[in-house]
Amino acid sequence: MIKAVYPGTFDPLTRGHEDLVRRAATLFDKVVLAIADSKAKRPHFTLEERIGMAREVLGDVRNLEVVGFSGLLTEFVRKQGARVVLRGLRAVSDFEYEFQLAGMNRHLFPEMETIFLTPSEQHMFISATLVREIAALGGDVSQFVHPTVVKRLRGKKA
């Protein structure tokens with residue numbers, strides 16, 4: 001059985017994230033959406049809110065588990081009994097950072113492999129940061145996130 005861990009802050013979960021999860025679920029026996037606590041990034045949503053949104057949006061993906069984590073990704077992956085980490089690349093600008101991260105993770109956990117997926121072309125330009133900014137300025141983000149997330153973003157503004 002091949003288990004893949006897809007880590008990130010998912011603040012909030014976007015259509016691009018959804019796309020990668022759904023496609024990964026067809027490639028791997030089990031996918032773990034690992035939502036990082038990431039207090040240093042000062043997320044807009046709490047860890048519990050991000051986990052709840054992901055479970056609601058992706059509840060139909062049968063081989064998906066949504067969990068929160070803190071600490072080193074390599075340790076989390078080990079504890080999950082996984083050896084594959086999935087990362088999304090939207091643009092060339094993402095590659096340099098992700099390449100460094102993959103190298104460091106391989107140094108810390110040599111048996112772990114990092115697999116890169118690109119989102120479908122209609123989702124390539126979506127980032128959680130841009131979604132938050134558009135929502136904060138009163139813009140319509142409904143084409144970039146699931147209706148559940150739209151509702152939560154509106155609720156956070158109030």
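The model is predicted. It holds 10 salt bridges, and a search of the whole structure finds five aromatic pairs. Four residues, R15, E18, R22 and D60, are joined in a salt-bridge network.

**Helix α1**

- Helix α1 covers residues 15-27.
- Its 13 residues should span 18 Å at 1.5 Å a residue, and the end C-alpha atoms lie 19 Å apart, which agrees.
- T14 caps the N-terminal end of the helix. A side-chain oxygen of T14 sits 3.2 Å from the backbone nitrogen of G16.
- The buried residues of α1 are G16, H17, E18, D19, L20, V21, A24 and A25.

- Side chains of opposite charge can pair when their charged atoms come close.
- E18 and R22 form a salt bridge, with 3.8 Å between the closest N and O atoms.
- E18 and R22 are four residues apart in α1, which means about one helical turn separates them.
- E18 is buried, at 5% relative accessible area. R22 is partly exposed, at 29%.
- R22 also meets D60 in a salt bridge, at 3.0 Å from N to O.
- The D60 and R22 pair links distant parts of the chain, 38 residues apart. D60 lies in the loop between α2 (47-57) and β3 (64-69), while R22 lies in helix α1.
- D60 is exposed, with a relative accessible area of 53%.
- R15 belongs to the network as well, together with E18, R22 and D60.

**A bridge between α2 and α6**

- E56 forms a salt bridge with R152. The closest N and O atoms are 3.8 Å apart.
- E56 is in helix α2 and R152 in helix α6, so this pair ties together parts that are 96 residues apart in sequence.
- Both ends count as partly exposed: E56 has 46% relative accessibility, and R152 has 31%.

**Aromatic pairs**

- The search of the whole structure finds five aromatic pairs.
- The ring centres of Y6 and F10 are 5.1 Å apart, and the planes stand at 80°, so the pair is edge-to-face.
- Y6 and F10 are both buried.
- F125 and F144 have ring centres 5.9 Å apart and planes at 90°, so this pair is edge-to-face.
- Both calls hold because planes over 60 degrees apart count as edge-to-face.
- F125 sits in the loop between β5 (113-117) and α5 (128-136), and F144 in the loop between α5 and α6 (147-157), so the pair ties together parts 19 residues apart in sequence.
- F125 is exposed, at 53% relative accessible area, whereas F144 is buried, at 12%.
- F95, F99 and F116 are linked into a cluster by ring pairs.

**A charge over a ring**

- R78 lies over the face of F109. The distance from R78 to the ring centre is 4.3 Å.

Methods. Residues numbered from 1 in each chain as written. Predicted model: local features only at pLDDT ≥ 70, side-chain atom pairs only at ≥ 80, totals over all residues. Heavy atoms only, no water. Phe/Tyr/Trp six-rings, centres within 6.5 Å; stacked < 30°, edge-to-face > 60°. Buried < 20%, exposed > 50% of the residue type's maximum accessible area, 1.4 Å probe, protein only. Helix = DSSP H or I, 4+ residues; strand = E, 2+ residues; numbered from the N terminus. Lys NZ or Arg CZ within 6 Å of the ring centre and 35° of its normal. Salt bridge = Lys/Arg side-chain N within 4 Å of Asp/Glu carboxyl O. Expected span 1.5 Å × (residues − 1). Polar contact = N/O pair within 3.5 Å; in protein donor to acceptor, adjacent residues only side chain to side chain.
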